[in-house]
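Hi,

Here is the structure I promised to pass on.

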Amino acid sequence: MSPPKVLSHWHDLEVLRKPYPKSAAHASPRTKGPSGYTTLAGAVCHGRVSDLESMVPSQWWQTVFADAMYLKTDGDVVEDPIITKEEVGLLESDPDILDIFLRGSDKNSTVQPARILDLCCGQGRHSLFLSRKYPHLALHGHDQSSYLIKLAQERAAAQQLSGKTVFTVGDCRQIPYADETFDLVVVMGNSFGYFADEQGDRTVLSEIFRTLVPGGRLVLDLTDGDYMRTNFAERSWEWIDDKTFVCRERQLSKDGLRLSSREVVTLTTKGVIRDQFYQERLYGREEVYEIVENAGFGVAHEPQDSGSHTLGKDLSKRKEDLGMMEQRVMVKATKPAHRAVGRAIPIPNGIKRVNGAPIHVNGHVNGVKLAKTNGINGHAVNGNHQKLNNGWEHQTVEPSRPSMKLAVQSNGMECAPFPHITVLLGDPTKPCIGKLNDTWNPEDLETRRKLFTALHELGYPPDRISVLDRHEKYLPQLSNSPSTFVLNLCDEGFDNDALKELHVPALLDMLRIPYSGAGPNCLAACYDKGLVNRTAASIGVPTPNETFYFSDTATPAVQDLENLARVIVDTIGYPAFIKPIKGDNSLGITSRSIVNNEHELAAYMDELRSIGIRDVIIQEYLSGPEYGVGMIGNREGGFHFFPVLEVDYSRITAKELPPILGFESKWDPTSPYWTDISYKEATDLSPATVTRLRERCVALSERFGCRDYARFDFRADRDGEIKLLEVNPNPGWCWDGKLAYMGKLEGRKYCEVIGMILRAAWERVNRASSAASSSLAAAHAVAAPDQKVNGYAKDHQHGAADVTAALPAE
């Protein structure tokens, strides 16, 4: 051993005794604030805590799973593809579940492939694995974390699985699917027991029961509570990588039912960057059996010495602190094919019964209210609503959230959610290209009158509404007197120019004013019909065969009308359908859009050129039934689907006119297309077809970025395949439009449909505001004192990148 080094100059000891300079790296200890100590990295650390349970937020999962930190600390299990494969292998080892996976895999089979819900799916690792291995399956993932769902969608796109997987964001106590949708629901990777009381867990099971088909299967993969109670580590720490380590504390509640945990994440270069608390209910095997059986399931009881698995512990590459993932129990249950006589199915608190049965609607079973309807014969007619003999219909209310609770009027209608709204409309002082005679007509003014009548019925008297319909005043009025919320109904576009419809939300975005409906990017994309169809086809939505004609641009496929005619014969066939590539208000779409030969093609192209339309899309003419699917809501809170609408062309075809919804049907009251076209509920579609259409609408809404409400138009070809016609973000809001008519089919007044749009926007705006506040707090917790927050938020737009990328520079 070498002797200790001797200082050459003893006076250097005096230097060593001096305090360190107060630099960023050697600052004095921070004082404790109301939320804890602010660390050198800008985070909040709570120091010594004697009662962990008192520190657990009521909805702790909203922050713990909000960013890449979760994937970093738990990545040895949740990001290991080998572990995912082995966990799926546990499912496949059950012959009945394997049969579900294989159902419909034979191309010659007439059996429909199974529909599977991966509830609390996180970043979609199980869904994506199953989609690769069983490409015929209809797979759906649902999770409350927007970050993880976005990551799942990105990974699905990268693996070309977007058309085979649907991922939605929302509370697992509100599954956004109709009754009896799924053949199998799996809750994998210890994602059960998160709520402060067991009622939340019972609600989850009740929702799973509702969405499973009779005979459907449930698999719960959750921590082995009996094992964890006696084997949890009170304190532990582990290195995540060379710079990051996690210290953990755990405490068992006094009743032994819950385990509270704390994670203090430290970077060697920055200090503490995260101090978070969470809690889980420890269900022993028999307790799980009991709560699942009480939800109405039949449970396969396993012997006490079997049924547990330790895949996480066995296969983890770090092999350090596995915590809740160390030993888990896989519980399998079945929804009875028929409800047993006399068996009471437990119902969560707040669920009402009608004639002894629980009532629910649109994928929700908690927080239901009853409201008298003035609908068709006093009954709801949507297939997703129960038709009640006493003339009442049930409506969904979100679970109780203090900041998002809506008042209810005495008539059962929700009160106006915003204290004041500004309504943006087209400018009646300017011409409006696309309307009849390019001007405003009496019908347009009557439509406005009925809109304001509807808003008054919703609780918006004149003093709670501002109206902006002079476009030269948009910017100064919105800038000088910013609104709390804008109801954007300016579908004519800025200056009544349809090409500038996107300019209105773009202006609102720049002024940071919240508004209803789609943003500018969505409107721009959906304005281009060719872009819509190509994008839809890329995610697996059937679209018509088509080609394009650009009059001023020579393309490899179409260089002139003669060549276009050959392309139609070779790839599309007559009759063909011609419409503008870009446009709105059905301008350029008439009965003459259907062409049967080259002569009619040339004649209609001349007609389009005469009104300034030079670039067109030519499609196969879809001659089958035409449908409209309307939806209100957003992915975080789920979607309300109206009954599927079918266009009734019977009186049009009786007059030997082509069955088409064109310009005349929207704008010309003297045309038979205005007077003789009607609508009806599409009762001939099978439940499976309706579900498939709705799935496609969700996928299209996600892909294009629709918000609050949208309508999707489809039509069947000569062989019966239903193909996409159009994506309509911000669809027509008028009292006699398709969306309002869809509302009538389930007994809703026009004002109720407008109210639903307002509520969807209100929930989205409130949710975004809450998320922004949480993100801001989180950003301040990790950002350096002299660092702006924007870089943190920006870095978290990416996938499971190293979390240190989001931290301030050293």
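A word on elements before anything else: helices (H or I, at least four residues) and strands (E, at least two) are DSSP runs, numbered from the N terminus. Note that this is a predicted model, where local features need pLDDT of at least 70, side-chain atom pairs count only at pLDDT 80 or more, and totals for chains, interfaces and linings use all residues. Residues are numbered from 1 along each chain as its sequence is written, and side-chain values use heavy atoms, with hydrogens and water left out.

Salt bridges to begin with. The structure has 41 of them, a salt bridge being a side-chain nitrogen of Lys or Arg within 4 Å of a carboxyl oxygen of Asp or Glu.

Another pair reaches across the chain: aspartate 94 meets lysine 332 at 3.5 Å, N to O. Aspartate 94 sits in the loop between helices H5 and H6 and lysine 332 in strand S15, 238 residues apart. Aspartate 94 is buried at 10%, and lysine 332 counts as buried at 15%.

Then there is arginine 635 with glutamate 702, closest N and O atoms 3.2 Å apart. Arginine 635 is in the loop between strands S27 and S28 and glutamate 702 in helix H23, so the pair ties together parts 67 residues apart in sequence. Here arginine 635 is buried at 17%, while glutamate 702 is partly exposed at 25%.

Next, a sheet. Four strands make an open, antiparallel sheet in the order S9-S10-S11-S12 (two strands pair if DSSP finds at least two bridges between them). S9 and S12 are the edge strands, each pairing on one side only. S9 and S10 pair over five bridges, and tryptophan 237 stands opposite cysteine 247 in S10.

Last, helix H11 (285–294). Which of its residues are buried? Arg285, Val288, Tyr289, Ile291 and Val292. These pack against several elements, including helices H9 and H10 and strand S15 (contact means heavy atoms within 4.5 Å). Just after H11, glycine 296 takes a positive phi of about 105 degrees.

Cheers

Conventions: Buried < 20%, exposed > 50% of the residue type's maximum accessible area, 1.4 Å probe, protein only.
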